[in-house]
Amino acid sequence: MTTNTDSYKSGQTQGQPGSAASSFELKGSMLTVIELHVLDPVLANFAAEIKKKVSQAPDFFNRAPVAIDLAQVKNTESIIDFADIVEVLKRNQLIPIGVRNGSAAQHKRALDQGLFSLATSSMRSFDSQQDTQTELQQKAKQQKQQKQQKEENKDLKEKSSYSSSNANAESTSSSNKNSGFYTAHQAYSKTVYQPIRSGQQVYAKGCDLVILSTVSAGADIISDGHIHVYGSLRGRALAGVNGDESARIFCQNLEAQLISIAGYYRVIEEIEENFRNQSVQIYLKDQRVTIEKM
Amino acid sequence: MARIVVVTSGKGGVGKTTTSAAFGAGLALKGYRTVVVDFDIGLRNLDLIMGCERRVVYDFINVIHGEAKLNQALIKTKQLDNLYILPASQTRDKDSLTEEGVMLVLEELKKSFDYIICDSPAGIERGAHFAMYFADEAIIVTNPEVSSVRDSDRILGILASKSMRAERNMDPVQEHLLIARYSPKRVIDGDMLKFDDVQELLDVPFLGAIPESDSVLLASNRGVPVILDNKTDAAEAYMDAVSRFLGEEVPHRFLQHHRKGFFGRLFGS
Ligand SMILES: Nc1ncnc2c1ncn2[C@@H]1O[C@H](COP(=O)(O)OP(=O)(O)OP(=O)(O)O)[C@@H](O)[C@H]1O
Ligand SMILES: [Mg+2]
């Protein structure tokens, strides 16, 4: 009684980020560093102890970045031999990167050894990401409302499919077109090879987003330009978030929870059954999110 | 080279501890020196279902805090000579886990074992974080229902971004999907997700499905890893999964619903 499932042996393909037209890319990221807390500025036996620690777990320490933390050095005048610390760390395949929580004088001397001053608090919580996410959604909503109004103002007689909560509003934002509201995205892209999981978020700032894997329900993919998804799209996809109304979403298998172009959006309940699980493109037509089979 | 394998899920009660014990015993049966480490600090289940409960004197936290040597805390199981467990503490809380402490214990275990199985607690808190942080491989245990799949997806995201391998830009943690408590009948009735839907949703290589079976509870009450409970479906399904984990190609069983024949119904086999 055998059943054919995806052959177990096939494994996963793990790609490398492809080459983009730009020669570099800046990304915010969290880096785990090992903190070396200096307890006694004299640091007797430092070299021997570090060597011992590293030999206990060579894999763990191998080429790990190290921050030297002076918070526990009571006397802010203490002279600390940074040159020695740097030398010992490097000899043990550790990478000293900076100091924190010391006095200004101490930091200045550290800088002479190529150690930068690091921020006191290095942790950025997972929640802050989600804050940006809700901010983004709010932004999307605002934009939608703004444009909704604009549309209603333009032609009050035509029945708008949007609920008209404020039909008599004064025309406030009539000159939106040339207000520099959005900046056109540039012609390069960010490519993602791994699956994007629930709770994760990817943002292609100023460019297109190409995703070669699946986007899970509960994940967000956001781009200032177009979005291409070659796996299943089950999460939320927001293209042209900076206001580019020509942005499009292309996907192989539409199961999205939300799709948005330049702030206009549709949630899953507003996506017609016949587009589900289809290969589609999504774009803005007369300021409505429009889906078309490909 | 020793491998650290985390058994994790996000959601509680899906079968992580059952799977840790089964895989520990399965790998030991295949001749590997194996230790199962209980990261569920404060609850302590593993020793119970592996029948070692009465012999716990020292635990993982004692070792981390230098109150006991590692080999004082390790317990050899009655059933297999090359299978050990490192029990969790029942009295301390999970804050007594430290990154350095966990790392040193794992490094020490690496010297004497081929496989170190880390039984993760539910959730994404401290205990779960440390159970997966140092992992080389991960077995994601999922039940065939939407909320369990969603939680597993979340854990996969964390493995891909917050494990040591991810943070150090090393080769990623190798992921495996195991569906526990699978009931082909309930799939047909529409109460449960089908195994290939789960696999497609999570997009992770599939180790196999363990059928829902009373023998699991019975075995754990007796303190015997279910895999040693010969001839039961659950034991065979776990053994197949262990073989696949080791790279063998084994046909899938237990995925289809078999209507019992006349005699089967008569004798309840
Ligand atoms: N295949 C199975 N068939 C029937 N019952 C099962 C099966 N697998 C696990 N169980 C039962 O489910 C319950 C939970 O299992 P287990 O303790 O292994 O889960 P867990 O994921 O470790 O839970 P926790 O999150 O609390 O640590 C137990 O009562 C166990 O006997
Ligand atoms: Mg458990």
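Let's start with α6(B) and α7(B), which are oblique to each other. This is a predicted model, by the way. Helix α6 of chain B covers residues 126-133, and helix α7 of chain B covers residues 146-162. Their axes come within 11 Å. They cross at roughly 55 degrees. Angles under 35 degrees count as roughly parallel and 65 to 115 as roughly perpendicular, so this pair is oblique. The crossing of α6(B) past α7(B) is right-handed.

Who touches whom? On the α6(B) side, we have H129(B), M132(B) and Y133(B). They meet I158(B), L159(B) and K162(B) in α7(B). By class, that contact has four nonpolar residues, one polar and one charged.

Now over to chain A. Here helix α1, residues 46-56, packs with helix α3, residues 82-91. The angle is about 25 degrees, and the axes are 10 Å apart. That is under 35 degrees, so α1(A) and α3(A) are roughly parallel. Again the word is right-handed, for the way α1(A) passes α3(A). From α1(A), the contact uses F46(A), A47(A) and I50(A). From α3(A), it uses I85(A), V88(A) and L89(A).

Last stop, the ligand. Which residues come nearest to ligand 1? Of the 16 around it, they are G13(B), K16(B), T17(B), T18(B) and R181(B). Take G13(B): a polar backbone atom there is 2.9 Å from an oxygen atom of ligand 1. G15(B) has a backbone N or O atom 3.0 Å from a ligand 1 oxygen. With R181(B), the side chain does the work of contact: a polar side-chain atom lies 2.9 Å from an oxygen atom of ligand 1.

Conventions. Residues are numbered from 1 along each chain as its sequence is written. Chains are lettered from A and ligands numbered from 1 in the order in which they are written. This is a predicted model: local features need pLDDT of at least 70, side-chain atom pairs count only at pLDDT 80 or more; totals for chains, interfaces and linings use all residues. Side-chain values use heavy atoms; hydrogens and water are left out. Axes are lines fitted to C-alpha atoms, for helices over the stretch in contact, and angles run from 0 to 180 degrees between N-to-C directions. Helices (H or I, at least four residues) and strands (E, at least two) are DSSP runs, numbered from the N terminus. Angles under 35 degrees count as roughly parallel, over 145 as roughly antiparallel, 65 to 115 as roughly perpendicular and the rest as oblique. A crossing is left-handed if the near helix is turned anticlockwise from the far one by less than a right angle, and right-handed if clockwise. Contact means heavy atoms within 4.5 Å. Ala, Val, Leu, Ile, Met, Phe, Trp, Tyr, Cys and Pro count as nonpolar, Asp, Glu, Lys and Arg as charged, and the others, Gly among them, as polar. A residue is near a molecule or strand if one of its heavy atoms lies within 4 Å of it. A polar contact is a pair of N or O atoms within 3.5 Å; within protein, one must be able to donate a hydrogen and the other to accept it, and residues adjacent in sequence count only if both atoms are side-chain atoms.
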